[in-house]
Amino acid sequence: MGFGAPELLVLVFPLILLGIGFAIWVLVDVRRYPVDAYARAGVNRTAWVAAPIVAIVACLVFNVVGTCATLIMSLIWRTVIRPQVATA
């Protein structure tokens with residue numbers, strides 16, 4: 001019994017959905033804060049609106065690698081950027 005396409009799809013598809021879900025969560029969360037909060041925190045809001053959209057495309061095109069990049073982007077937003085914007 002080999003490891004073929006159906007087994008690979010069962011493993012990879014949930015990861016891709018997870019990455020897309022995290023990207024959508026970041027996009028919704030980024031849009032939640034006012035523009036002047038980003039300016040006070042010294043963070044480029046346009047880049048953080050674009051990053052999740054690029055991450056969704058990366059998940060669809062590059063599968064697991066795109067998903068890993070999306071998860072890293074989500075962690076950076078959650079742990080570094082979001083606290084700066086929220087307190088600004």
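This is a predicted model: local features need pLDDT of at least 70, side-chain atom pairs count only at pLDDT 80 or more; totals for chains, interfaces and linings use all residues.
Visitor: How are two packed helices described?
Guide: By the angle between their axes and the distance between the axes.

Visitor: What makes helix 3 and helix 4 roughly antiparallel?
Guide: Take the angle. The axes of helix 3 (residues 45-62) and helix 4 (residues 64-87) cross at roughly 155°. Angles over 145 degrees count as roughly antiparallel. Helix 3 and helix 4 are therefore roughly antiparallel to each other. Their axes come within 6 Å, and the crossing is left-handed.

Visitor: Which residues of helix 3 and helix 4 meet?
Guide: From helix 3, Trp-48, Ala-51, Pro-52, Ala-55, Ala-58, Cys-59 and Phe-62. Their partners in helix 4 include Val-64, Thr-67, Met-73, Trp-77 and Ile-81. By class, this contact has 13 nonpolar, 3 polar and no charged residues.

Visitor: Why is Thr-67 called buried?
Guide: Buried means under 20% relative accessible area. Thr-67, in helix 4, has 3% relative accessibility, so Thr-67 counts as buried.

Visitor: What does Thr-67 contact, leaving aside neighbours within four places in sequence?
Guide: Leu-15, Ile-16, Gly-19 and Cys-59.

Visitor: How do you know that Thr-67 has a polar contact with Asn-63?
Guide: Check the distance. A polar atom of the Thr-67 side chain lies 2.9 Å from the backbone oxygen of Asn-63. The cut-off for a polar contact is 3.5 Å. The pair is within that limit.

Visitor: What makes helix 1 roughly antiparallel to helix 3?
Guide: The axes of helix 1 (residues 5-32) and helix 3 cross at roughly 165°. The threshold is over 145 degrees. That makes helix 1 roughly antiparallel to helix 3. The axes come within 9 Å. This crossing is left-handed.

Visitor: Which residues meet between helix 1 and helix 3?
Guide: Helix 1 brings Ile-16, Gly-19, Ile-20 and Arg-31, among others. The classes are 15 nonpolar, 1 polar and 2 charged.

Visitor: How far apart are Phe-13 and Leu-60, in sequence and in space?
Guide: In sequence, 47 residues. In space, 10.0 Å from C-alpha to C-alpha.

Terms used: Residues are numbered from 1 along each chain as its sequence is written. Side-chain values use heavy atoms; hydrogens and water are left out. Axes are lines fitted to C-alpha atoms, for helices over the stretch in contact, and angles run from 0 to 180 degrees between N-to-C directions. Helices (H or I, at least four residues) and strands (E, at least two) are DSSP runs, numbered from the N terminus. Angles under 35 degrees count as roughly parallel, over 145 as roughly antiparallel, 65 to 115 as roughly perpendicular and the rest as oblique. A crossing is left-handed if the near helix is turned anticlockwise from the far one by less than a right angle, and right-handed if clockwise. Contact means heavy atoms within 4.5 Å. Ala, Val, Leu, Ile, Met, Phe, Trp, Tyr, Cys and Pro count as nonpolar, Asp, Glu, Lys and Arg as charged, and the others, Gly among them, as polar. Buried means under 20% relative accessible area, exposed over 50%, partly exposed in between (1.4 Å probe, protein chains only). A polar contact is a pair of N or O atoms within 3.5 Å; within protein, one must be able to donate a hydrogen and the other to accept it, and residues adjacent in sequence count only if both atoms are side-chain atoms.
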